[in-house]
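Hi,

Here is the structure I promised to send over. Have a look at it first, and my notes follow below.

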Amino acid sequence: MSLTTAIPALLESDFYRFQEGLTDQERESLGRLRTYLESDVRPIADAYWARAEFPMQVIKPLSELGMYGPGISLVRQFENSAVYRGWAALELGRVDASVATFIGVQSGLAMNSIAVAGSDEQQQEWLPRMASGELVGAFGLTEPLSGSDSARGLRTTARREGDTWVLDGEKRWIGNATFADVVVIWAKDVADGQVKGFLVTTDTPGFTATKIEDKIALRGVQNADIVMTGVRVPESRRLQHADSFRATAEVLRLTRTEVAWQAIGIAVGAYEAALDYARSRVQFGKPIAAHQMVQDLLVKSLANITASIALCTQASAMQDAGTGADEHSAMAKAFATAKMRETVGWCREVQGGNGIVLEKGVARFFADAEAIYSYEGTREVNTLIVGRAITGQAAFV
């Protein structure tokens, strides 16, 4: 397909027409993205999901569409807003949450880590090649025994020996890691107890990544268990501006709102499939879309989507204005994912028993919602971040 062919960017499910607030260039970019997703990704998404494989052929076209590093001035194709980047995450989520997650890891986590905490030299070395799709990145924070408590609970260690760091430990649920070229590894410095970041190439001796099998959600995402035994990393590949968990937290804050937008996309994908089904499925002599109870489910789903778009639009606008804080992205993620989970359940209900098979269009979104609900901070942890902001009391421990 031609990546220059655009279609109107407004979605039918954008009921209050929020996209009209974007610039013409942003809307044109979203139109090109949607054209590509509909023509090249949607037709293959179910098959790859069923086989638990990632469609590697999408990596280069997505780079041409500017999906890697659109918020990073060094590599972005044009100046754009966080609101635009949120809509891009929604468009990706409404077609394939696994592809959306790949981009979230490559762009939001790995590239943003380098943009936030890397030196100028590191940014120049790594970011252009990642933006072009030449290099694939991953983000190694979560561990087998450390998820929500990563700020304090990291067990992976970094020990300095002259101009070399030695890393030992394990990571779990690391997206892209089975085929990534470089993984941003967060480890605790044994000398000062602070969390530091390292750019670890996956061909480094002592580094292994093993695919996690038998997932029921985001099956296209190649999550891995990583084991590092005596992995040696030069000081030149330590992220030079990451001297504590604050740098990690800043990366997570930047990406958390986009995950909320992705959750809206999953809800939209399920809603669109349910609406199409309701219009064509005939029971009792008429389409089920003409039945009151079905309309109730569809309207509640659309209301959830609309409310989530409104909240996330403001959260992203605050990020653009420099006034967004952890609690704002945390509320967006907690709210949007909870409403997504509710919505995909209603959409599955619209399809009855047919809702559990891939061909009817809801089942994949229904399953993938479970992973989005928990990653990038669980609802409970994001709720506590907001709770700390409004009460002044930390309730994490």
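A compact globule of 397 residues would have a radius of gyration near 21 Å, and the protein chain has 21 Å, which agrees (the radius is taken over C-alpha atoms, and the globule rule is 2.2 Å times the number of residues to the power 0.38). Bear in mind that this is a predicted model: local features need pLDDT of at least 70, side-chain atom pairs count only at pLDDT 80 or more, and totals for chains, interfaces and linings use all residues. Residues are numbered from 1 along each chain as its sequence is written, and side-chain values use heavy atoms, with hydrogens and water left out.

The C-alpha trace spans about 80 × 50 × 40 Å along its principal axes. You'll find 11 helices and 9 strands in the chain (DSSP runs numbered from the N terminus: H or I of at least four residues for helices, E of at least two for strands). Buried residues make up 55% of the 397 (buried is under 20% relative accessible area, exposed over 50%, partly exposed in between, with a 1.4 Å probe and protein chains only). Of the contacts between residues at least 6 apart in sequence, 75% join residues at least 24 apart (contact means heavy atoms within 4.5 Å).

Now for a helix pair. Helix 3 (residues 82–93) and helix 7 (residues 245–280) pack at about 40 degrees, with their axes 7 Å apart (axes are lines fitted to C-alpha atoms, for helices over the stretch in contact, and angles run from 0 to 180 degrees between N-to-C directions). The two are therefore oblique to each other (under 35 degrees is roughly parallel, over 145 roughly antiparallel, 65 to 115 roughly perpendicular, and the rest oblique). Residues making this contact include Trp87 and Leu90 of helix 3, and Trp261 and Ile264 of helix 7.

Helix 10 (residues 363–374) is mostly covered, with 9 of its 12 residues buried. Among them are Arg364 and Asp368. The buried residues of helix 10 pack against helices 1, 3, 4, 7, 9 and 11.

Two other backbone spots are worth a look. Most residues other than glycine have a negative phi. Trp173, in strand 3 (residues 164–174), has phi near 65 degrees, and at 43% relative accessibility Trp173 counts as partly exposed. Asn176, in the loop between strand 3 and strand 4, has phi near 75 degrees, but at 2% Asn176 counts as buried.

Cheers
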